[in-house]
4 protein chains.
Amino acid sequence: MTALVRRRLLAEFTGTGLLVAVIVGSGIAATRLTSDDALRLLISSVVTALALAVLIVVFSQTGGAHFNPAVTAADWILGRRGPRRHSLGQAVAVVGCQVAGAIGGAALAEAMFAQPVLRTSQHHRGGAPILLSEVVATAGLLFVIVTLARTGRPQHVAWAVGAWIGAAYWFTASTSFANPAVTIGRAFTSTYAGIAPASVPAFIAAQVIGGTVGTLLAVALYPIRHTPAPAGQSAQLAG
Amino acid sequence: MTALVRRRLLAEFTGTGLLVAVIVGSGIAATRLTSDDALRLLISSVVTALALAVLIVVFSQTGGAHFNPAVTAADWILGRRGPRRHSLGQAVAVVGCQVAGAIGGAALAEAMFAQPVLRTSQHHRGGAPILLSEVVATAGLLFVIVTLARTGRPQHVAWAVGAWIGAAYWFTASTSFANPAVTIGRAFTSTYAGIAPASVPAFIAAQVIGGTVGTLLAVALYPIRHTPAPAGQSAQLAG
Amino acid sequence: MTALVRRRLLAEFTGTGLLVAVIVGSGIAATRLTSDDALRLLISSVVTALALAVLIVVFSQTGGAHFNPAVTAADWILGRRGPRRHSLGQAVAVVGCQVAGAIGGAALAEAMFAQPVLRTSQHHRGGAPILLSEVVATAGLLFVIVTLARTGRPQHVAWAVGAWIGAAYWFTASTSFANPAVTIGRAFTSTYAGIAPASVPAFIAAQVIGGTVGTLLAVALYPIRHTPAPAGQSAQLAG
Amino acid sequence: MTALVRRRLLAEFTGTGLLVAVIVGSGIAATRLTSDDALRLLISSVVTALALAVLIVVFSQTGGAHFNPAVTAADWILGRRGPRRHSLGQAVAVVGCQVAGAIGGAALAEAMFAQPVLRTSQHHRGGAPILLSEVVATAGLLFVIVTLARTGRPQHVAWAVGAWIGAAYWFTASTSFANPAVTIGRAFTSTYAGIAPASVPAFIAAQVIGGTVGTLLAVALYPIRHTPAPAGQSAQLAG
C-alpha cells in the first residue's frame, strides 16, 4: 500500500467520521434546544449542508472525498478504463474506512454530548414512500456528482453536494440518508438521527437503486467526458 | 430530432420535475412538522433556492436548464439572429417537456409523502396585489437571467436565480411562482404548494407581462451583448 | 447626458427601488406569518442578504450598483484623480435617483401587499446606542466595499456586502440601515421596516460618520490601489 | 516596526474586535427577541458564519486575517523555514492585538445594545464532553486552514472557515469557541455569549490540543506544499 493510498484511506475514515458526527451531534443539540420539529430539521439540514461542503473541499485532494460507498462504486465502475482507475481492492478498502469512520463519528458525537455511546437505534424507518425517497435522494446525489465530473467542473462539487443534501432533507420523506456508510453509522446511535438496524438493509437497497439510476441518467445526458473547462465558462444560459 | 435535442428535452423534463418535487415536497414536510406559518415558508424558500441553484448547474450544459417557459420564450426571441438559435418547434417541445415534468414532479413528491397523487388544488390565489407580485417576481427573474447572459457572466446564473427566487418567496405577496410550467404543475397538488386551476390563467398572464418587462429592462440597460469575460473581472465597483 | 449615464441612473433607481421593496415586503410578510420577533428579523435579514447580492451582480456593469449615497460619495471622493472619475453633477444625480427609487420601492412593496401606500412611519428609532450601531454598520459596509475595490477584488463585492448587511441586522441594535437613501425610503412606510421621519436626520448623520470612518480605515490599511488580480489568488492565509 | 507590520497589527485588532462584536451582539439581540433556545443559537451561528467569511476576505491581504492565536501559532511554526516567515516577536504582538481586539469587541457590542460594559461572565462552561468539543472544533478549524494553505487554495479559506464554525456551533456541545482570543474576550461579557473567567484556562488548553491535532492531520495528509493552482482546477472528484 503506497503512501498515497494510505492518505486516501485516512481521509475517507476521517471525513466520513466528521460527517456523521455533524449529523448526529447537530441532531442532539437541536433536540435539546427546541420542541419545534421543523426547526430541528432545519438546523440539521443547514448544518449538514455547510459541513459537507467544507469536508469535501478539504479532503478532495487526497483522491476522492467520497465519504459514501455509492460514490466510490460509481467512481470505480466509471473509471475502470480511465487513466485514474483504482483497483477493486482499493475501492473495497475505501468503503471499509467509510463504514468504520461513520461508526466512529457517531461515537464521537455521543461523547461530545455525554450520551451513551453506540447504543443502537430503536427508530424504525421504512415503507414504500420512505424507500422511494431514498431512491430519489441518492439518484440526485449521484447525478450531481457524476455530471460535474463528466462535464469537467469538479470545482462545483462541494457546494452542489452540500446544497442538494440540505434540500433533500426536506423534499424527501426519509430526510435523505442517501449514503450506505452513513446509514450504518446512524444505526449505532439512539439519538435523533438514529435508524433501527432492521431498517438498514432496505435503505441500502434503495440507495443502490437510486445511485444506479442517477449514474445512468448522468451518462445518458453527458455521454462524452470533458476535461476541466477554463474558468468563466462553467455554465451556459443564452438570452 | 438529433441526440442533442433529445438530451435537452430530457434535461428540461427531469429538471423541471425535480424543481416541482422540491417545492411540493418541502411544503408537505414543513406543514407536517410545524404550525408556524413563517417557519414553513422560510423552509420552502431556502430549500427551493438551494435546489434550484444545483439543478441549474447540473443541467446547464445540455443547452439550457431553463425549467421555465418564460425563460425559453425570452431565449428564443433574443437568440433568433445569433449563432445558437433554435427552431420555434424546438422551443415549443421544450415548453411541453417543462409542463409534463412539472406535473410529474408534483406526483413524485406526493408519492414520496404518501399523499393522494395529482388531486387538483382548492387553494384560490389572485387579486390585483397578488398578480402585481407575479409581475414583479417574473420581471426580476428574467432581468437576472438575460442580464447575466448579455454581460457574459453565465457562471453567476445558478446562484443568482436561486437567491432571487428564495428572496421573492418573501418580498412578494404571491410567494413568487414566476414560472408558467411550475404554476401548472402546482395546480395538480392539493397540498401546501397548490394553486386552484381557476387561478392559473391570471398567474400565467401576469408572468408573461413580468417576463416581458424584465427582458426589456435588461436589453435597455445592456444594449450590447458581451462574450464571457476572463475570470476575476466579473463585477465592477470602484472606490 | 450620455446614454451610459442614463443607463447608470436607471440602474440606481431600479436597483435601490428593488432593494427597498425587498426590505419592506419581507418585513410585511414575516410580520403577517409569525409572532416570533426573532424569526421575523431572521427572515428579513436572510432575504435582504440574498437579494442585495443578486442586485449588485446584475446592476454592477452599468457603472456602479451603489444603491447607497454613502457609497456614491466615497466613490466620487476616492475616484477624483483616477481614470474612472465622474463629475460631481453625475454623483448628485445618482443620489437623487437612489432616493427616488427607495421611495418608489416602498410604494411597490405596499402595493404588492395591499397596504396603504407611502403612509409615513410612526416608529421612532434613536438614542446613543442605536446611533452608534449605525456608525458601526456603515463603517463596516464602506470598509468592505472600499477594501475590495482597492485590493483589486471586485468579484467579491456582491456576496460580501450581502453577508455583511445580513449579519449587521443582528449584531447592531439598529438592525443596520447603513444607507441614507434606504433610510429615507423606509420613512415612507408605516409597516415593520418603517422609521419615523423625525428619526431620519440623526440616522443619516450617524451613517455619514460611519462611512467616513470605514473609508479612512480602508485607505489606512490599503494605501496602494491594486488592479484586479488574476483568478485564484484573491485571498491569502499561510500555514 | 515597518508600516506593513503596523497595518497587520491594526487588521488583527480590528478584525478580531468585529468578530467578537458580532458574536456578542447577535447573542444579545437573539436573546431579546425570542425565547426559543434553538432559534437563538441558529441566529448566532448563521450570523457568525456570514461575518467571519466577510472579515477574512477584507482583512486577508494585510498578511493574515487570523483573528485567532491558534492560527497565528500554526502559521508561525509551519512558516519558519518558508519565504514568508515572521519573527516570533511579531507573532506575539499579533496575539496581543487579537486579545485586545476581542475585549474591545465585547465592549463595543455591549455599548451598541446599552448593556453594562465589560462585566465578567458568570456562565460556567466545562466538563470532559465540553472540552472534547473544543478539541474537535479547533482541530477541524486548523485542519481546514492549514489544508487549504498547503494545497494552494487560499481563495476557499473565507467561506470554508465561516461554514465550519457555523456548523460547529451545533455539532459540538460547547458551541465551538475554538479561539483563545475570542474565549478571553467573551469572558468580559455577562450576556448570552459569555464564559466565566474560571472556565477560560481549560478551554484554551483544549483549543491548544485541538489546534495541534488538526495541524498535524493536515501535514500528514498533505505532506507537500503546493502553490496556488490555476483557476478551475481547485477540487477533484472523478466519476
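In helix α3 of chain A, the buried residues are P69(A), A70(A), V71(A), T72(A), A73(A), A74(A), D75(A) and W76(A). A residue is called buried if 20 or more other C-beta atoms, placed from the backbone, lie within 10 Å of its own, while helices are DSSP runs (H or I) of at least four residues, numbered from the N terminus. The helix spans residues 69-78, and eight of its ten residues are buried. What covers them includes α4 (88-112), α5 (128-150), α7 (180-187) and α8 (200-221) of chain A.

I should state how to read this. This is a predicted model, in which local features need pLDDT of at least 70, side-chain atom pairs count only at pLDDT 80 or more, and totals for chains, interfaces and linings use all residues. Residues are numbered from 1 along each chain as its sequence is written, and chains are lettered from A and ligands numbered from 1 in the order in which they are written.

Chain A averages a pLDDT, the predictor's confidence in each residue from 0 to 100, of 93. Over residues 229-239 of chain A, however, the pLDDT is below 50. Where pLDDT is low, the predicted coordinates should not be read in detail. For the complex, the predictor gives an ipTM of 0.93 and a pTM of 0.94.

Finally, I turn to chains C and D. Here 36 residues of chain C are in contact (C-beta atoms, placed from the backbone, within 7 Å) with 50 residues of chain D. On the chain C side, α5(C) gives the most, with nine residues.

Note on methods
Contact = placed C-beta atoms within 7 Å. Buried ≥ 20, exposed ≤ 12 C-beta atoms within 10 Å, placed from the backbone. Helix = DSSP H or I, 4+ residues; strand = E, 2+ residues; numbered from the N terminus.
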